[in-house]
Amino acid sequence: MKRLLRISFDLSLLSFIPIISWFLLGIIVDKNLINIFTLTYPLQFIYYIIKSIFSTGANICKEKDKNKDAVMSGLLFGTIVSIIIFTIILLNVDNYISFMNMDIHTYKIFTIYSILQLFICLEFAMVQSKLYYEEKNKLANKYSLIFNLMNFILLVGSSLIIKNQVIIITFTLIPLALFTLYTYIKNIDKFRFNINILKCIKYDSVELFNNIAFFLIFLFGLSNALEYGEVYATALTFVALITDTQWDTVDAIVVASTIDISKKNFNYKQHRNNSYKLLGILSGTSLIMFGLLYGFYDLNFKITMVYFSLEIVNFLIYPIYRIKTCYLQLEYSAFKTTSNKIIASILRMFMSLLKTPFCTGIGQVCSSVYQFITVSIMFKHNFKVDKNGTVKKIC
């Protein structure tokens, strides 16, 4: 449980402070800026796609295939790919904002900031992932705390003093980029370029295809939902902000499970019980944020509660199917597990195209229920869990 909490602490920092920053920017600079979070939300999954292949997959390659060069090779290759992709996005920022049914003049400057911040956070996260797999948790948490405090203090502090948006984002991003470069250089190991990209994809294929699907789901789904006007957009953004840190943090369940399965040190009951303890903490923080921040925005209570209720349903069933998915991915069949995830994502994608402002939430619930049922069946047919929590293959 202690390791799960350490990992979740780092993951929560990576999203909690930026989320609070968006809330404060909406109060200090322009109330419309809170919607930047929803506007650029699909782009977060480009971050996760790159991290899945060149960071998580590379680290698993090091453990499973004893390829000591995989991690640094992935870090270098991932950086090059990131620069190319995020540059293309920046060059087409106006078209992106228009596609998402938002006003270019109002949102352009801080959309650029959000895109650049995602790139910097991706580079930082890949270094963090390397440290976690090396079990240097204290150093990783130290870096994370410094990075996120810098982000918060520079962004909010400059917003209080300076009114020019270009200066605000420049003053914030340059120090963050320099600190990320420092952590990058500080943790470089000697290596020769040696990485099997296909194996990196295979070892984290569920997450990879999951994030590709999420990119498409939220790109088209949020564009669809934002057509219904400001009342729905604000409620959707508010609920996303008070639950997104929790969703990022709950990924600690996947990280901890993957590490233990890779190292043949996995106990199902222990991971399940610890996951629900973590989930209880996270649900409580969402409720607290709801109570504290609700009054700052003109929200329709009924609409907001519909969005929030859909999130709670997903939280409740997430730990079971995600832990089992990790195990099936690494110890049963990556192909079958990934195929099942693709079907779930296609279901969610189609549901997210429904002509309703709640399309993204409905799609998520349908996908979660489908995975809960199908993954449980796959797991039960191939493995059994003994009284001690050890997973054994059924002959």
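Analyst: Let's start with a handy definition: a residue is buried when its relative accessible area is under 20%, exposed when over 50%, and partly exposed in between (1.4 Å probe, protein chains only). This is a predicted model, in which local features need pLDDT of at least 70 and side-chain atom pairs count only at pLDDT 80 or more, while totals for chains, interfaces and linings use all residues. Residues are numbered from 1 along each chain as its sequence is written, and side-chain values use heavy atoms, leaving out hydrogens and water.

User: Is Phe 290 buried or exposed, and what is its relative accessible area?
Analyst: First, find Phe 290 in helix H13; helices here are DSSP runs (H or I, at least four residues; strands are E, at least two), numbered from the N terminus. Phe 290 counts as buried because its relative accessible area is 13%.

User: What separation in Å lies between the C-alpha atoms of Phe 290 and Thr 170?
Analyst: Along the chain, Phe 290 and Thr 170 are 120 residues apart.

User: How many Å apart in space are Asp 260 and Asn 382?
Analyst: Asp 260 belongs to helix H12, and with a relative accessible area of 7% it is buried. In sequence, 122 residues separate Asp 260 from Asn 382. From C-alpha to C-alpha, the distance is 19 Å.

User: What length does helix H14 reach from its first C-alpha to its last?
Analyst: Helix H14 runs over residues 301-331, which is 31 residues. The expected span (1.5 Å times one less than the number of residues) is 45 Å for H14. The model is close to that, reaching 45 Å.

User: At which residue does H14 bend?
Analyst: A bend is the angle between axes fitted to the seven residues ending at a residue and the seven starting there. In H14 this angle is about 45 degrees, and a proline, Pro 319, follows within four residues of the bend. The bend sits at Tyr 318.

User: Which residue caps the N-terminal end of H14?
Analyst: Look for a polar contact, a pair of N or O atoms within 3.5 Å; within protein, one must be able to donate a hydrogen and the other to accept it, and residues adjacent in sequence count only if both atoms are side-chain atoms. Here a side-chain oxygen lies 3.1 Å from the backbone nitrogen of Lys 302. The capping residue that supplies this oxygen is Asn 300.

User: Why is H14 largely enclosed by the rest of the structure, and how many of its residues are buried?
Analyst: Burial can be counted residue by residue along the 31 residues of H14. H14 is largely enclosed because the buried count is 22.

User: Where does H6 bend?
Analyst: H6 has 30 residues and reaches 41 Å from first C-alpha to last, close to the expected 44 Å. Of those 30 residues, 22 are buried, so the helix is mostly covered. Its bend is about 30 degrees, at Phe 110.

User: How many salt bridges does a search of the whole structure find?
Analyst: Side chains of opposite charge can pair when their charged atoms come close. A salt bridge is a side-chain nitrogen of Lys or Arg within 4 Å of a carboxyl oxygen of Asp or Glu. Across the whole structure, the number found is seven.

User: How many residues apart are Asp 189 and Lys 130?
Analyst: The side chains of Asp 189 and Lys 130 meet in a salt bridge of 2.9 Å, N to O. This pair links distant parts of the chain, with Asp 189 in the loop between helix H8 (165-186) and helix H9 (197-203), and Lys 130 in helix H6 (residues 104-133). The separation is 59 residues.

User: Which parts does the salt bridge of Glu 331 and Lys 264 tie together, and how many residues apart are they?
Analyst: Their side chains meet at 3.1 Å, N to O. Glu 331 lies in helix H14 and Lys 264 in the loop between helix H12 (252-262) and helix H13 (268-293), so the pair ties together parts of the chain whose separation in sequence is 67 residues.
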